[in-house]
Amino acid sequence: MKTEDWFKLKRYPHIDEPLSVKDYKWIKTYVENEKCIKEHSFLPLIHKCIIQRKYRADTVNLKRNKKGERIRFIDKPKVRHIYYASHLDSIIFSYYNYLISDAYKKFIETKNFNESIVAYRKIPIVVGSDKNKCNIDFAKSTFEFIKKNENKKLTAIVADVTAFFDNLDHKILKKQWCTVLNTNTLPEDHYSVFKALTNLRYVEGDHLYNSYKKTMLVEKGIPNSSKQKELKRIEIKSNRYFKEKNVVAYCTKDEFLANNLNLIISAHNKIGIPQGSPISATLANIYMLDFDQQVYDKVEGVGGYYQRYSDDLIIICDQKHEDDILLFIRDRVKNLAKLEIHPSKTKVYRFEEMGGVFKGFEIDESSKEHNYNKCLEYLGFSYDGQRVLIKDSGFSKFYRSMKRSFKKSSSLAIYGKNPSKDLFKSRLYKRFTHRGAKRRLIYHPSKLDPKKYVATKKYDWGNYLSYIYKANDSMRSINQSDIIKRQGRRFWSRFHDLMQYHEKRIQRTHRSKVASKKKNF
């Protein structure tokens, strides 16, 4: 069944039961009915924390390990508060995101800063193309501007708005929402969605899980039926097994209303919207309309370059305008957008010719001291005026993911019920090497003849190496080489080192078990 883009089904567990394509017709009728949305009772969101560990090199003691590598430590983790809407509420938010995105697109296309706002928008690579730009293309256009102005002394200012979604002013948001819709007040259905987002009401996922004594609703097949399924409540030892056990809900809506209203937390927030809803990103863009206009006009007036990717913004200008631009953006962020840019989240870089070479380096904003070992970092790339590279943090994250997958695969081989006791090598090769880097159309066995395979509409989208190859091809015009692709070569040997280590681990454990059985026998 063909459906609209806004009809996006989610599989995460929530208060209500998951929806399916079979529900499309009644959902479409419901969400497109303004009266229904005006009177709709939104369920509380489910709150979860995503903790991202940060690894930092020891720059104080400068200690190194036996291999000569700098010892790293775990810095203060980054905590992101994510809120998930119920399945029907999520589709309502998605539908209104479609309406507002369309209105925002038409509105911003009339503005001179249209090409400067790049996040959460579908921007074609070329006019008429069905392929859209991504962060690689946005970073490339920034670096190209710097390269085209090698004859000047430039400053690049990179700033990150502090707790962006958590601090959006509700009055400004409502005003800009009306501006995009070209109305004086919000229509009643839009106002209902606005209230659901600004009057934050949520439930802690763990509290709801514990209230049902660590049991969850899972989807089970019915005997002698290949299509029919039923919901059963079973015990789940930990939330890490939700996906494995095919968990679909904490409880039904009726169960929640009867048993769990006491778990609802009202944030009483006067600012901020939940991060994680389908509409939050678009609302963040329309919130910054006045800010984008004024900053663009200011930067354009001095022949500079402005780009904003969500809460990350970059400005490039002549060095003589550096202090003036810094003061201006901080003033506009604070007094116009009612937000904050923390000094530690603001980096200043300079680009100029040194010894016949165009070089970029970081400077301390207050002391103006130079740090020639650090260069511009933006959207996951680094640029020193000569070449573009992928940041080391991206490779580190990929390698840690590789290590975790090998550890999990070997543990399943050792302790799982599969009699094979081997690593699932094909999966590992597909996920972490060039063998799985190509975008491939997925084929399934034909229903008429199981021996024949027919094409589906689904694709294997590749892995992190796909991203590396794409970045290499895009940045080749700047680098004049395949240096980014060479960055990824290190993983082939590391992959096989891990494979060799875990195969030996499996063999040692197997021999130990066999020896133990013989001894007991």
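Contact here means that heavy atoms lie within 4.5 Å. The structure is a predicted model.

Gln 307 is found in strand S9, which covers residues 305-309. Its relative accessibility is 2%, and buried means under 20%, so Gln 307 counts as buried. Leaving aside residues up to four places away in sequence, Gln 307 touches Ser 116, Val 118, Phe 138, Ser 141, Thr 142, Asp 312, Leu 313, Ile 314, Tyr 378 and Leu 379. With Ser 141 there is also a polar contact, side chain to side chain, at 3.5 Å.

**The sheet S14-S15-S16**

Three strands form an open sheet in the order S14-S15-S16, with antiparallel pairing. Strand S14 (376-378) and strand S16 (388-390) stand at the edges; each has a single partner strand, so one side of each is left without a neighbour in the sheet. Neighbouring strands are turned by 25° against each other on average, direction ignored. S14 pairs with strand S15 (residues 381-383) in the antiparallel sense, and Leu 376 has Tyr 383 in S15 as its bridge partner. Helix H4 (residues 135-148) packs on this sheet and touches S14, S15 and S16. The direction of H4 makes about 10° with that of S15.

**The sheet S6-S5-S7**

Another open sheet of three strands has the order S6-S5-S7, and its pairing is antiparallel. Here strand S6 (229-235) and strand S7 (247-249) are the edge strands; each has a single partner strand, so one side of each lacks a neighbour in the sheet. From one strand to the next, the twist averages 50°. Strand S5 spans residues 215-221, and Leu 217 stands opposite Arg 233 in S6.

| Strand pair | Sense | Bridges |
|---|---|---|
| S14 and S15 | antiparallel | three bridges |
| S5 and S6 | antiparallel | seven bridges |

**Nonpolar cores**

The largest nonpolar core has 66 residues. Those touching the most other members are Trp 177, Val 193, Ile 279, Leu 283, Ile 286, Tyr 306 and Leu 339. Helix H3 (residues 87-108) supplies the largest share of this core, 10 residues. Not counting residues up to four places away in sequence, Trp 177 touches Ile 100, Leu 186, His 190, Val 193, Phe 194, Ile 279, Leu 283 and Ile 286. A second, separate core has 49 residues, including Tyr 305, Tyr 349, Ala 413 and Phe 495.

Note on methods
Residues are numbered from 1 along each chain as its sequence is written. This is a predicted model: local features need pLDDT of at least 70, side-chain atom pairs count only at pLDDT 80 or more; totals for chains, interfaces and linings use all residues. Side-chain values use heavy atoms; hydrogens and water are left out. Two strands pair if DSSP finds at least two bridges between them. Helices (H or I, at least four residues) and strands (E, at least two) are DSSP runs, numbered from the N terminus. Axes are lines fitted to C-alpha atoms, for helices over the stretch in contact, and angles run from 0 to 180 degrees between N-to-C directions. A nonpolar core is a set of buried Ala, Val, Leu, Ile, Met, Phe, Trp, Tyr and Cys residues joined through side-chain atoms within 4.5 Å. Buried means under 20% relative accessible area, exposed over 50%, partly exposed in between (1.4 Å probe, protein chains only). A polar contact is a pair of N or O atoms within 3.5 Å; within protein, one must be able to donate a hydrogen and the other to accept it, and residues adjacent in sequence count only if both atoms are side-chain atoms.
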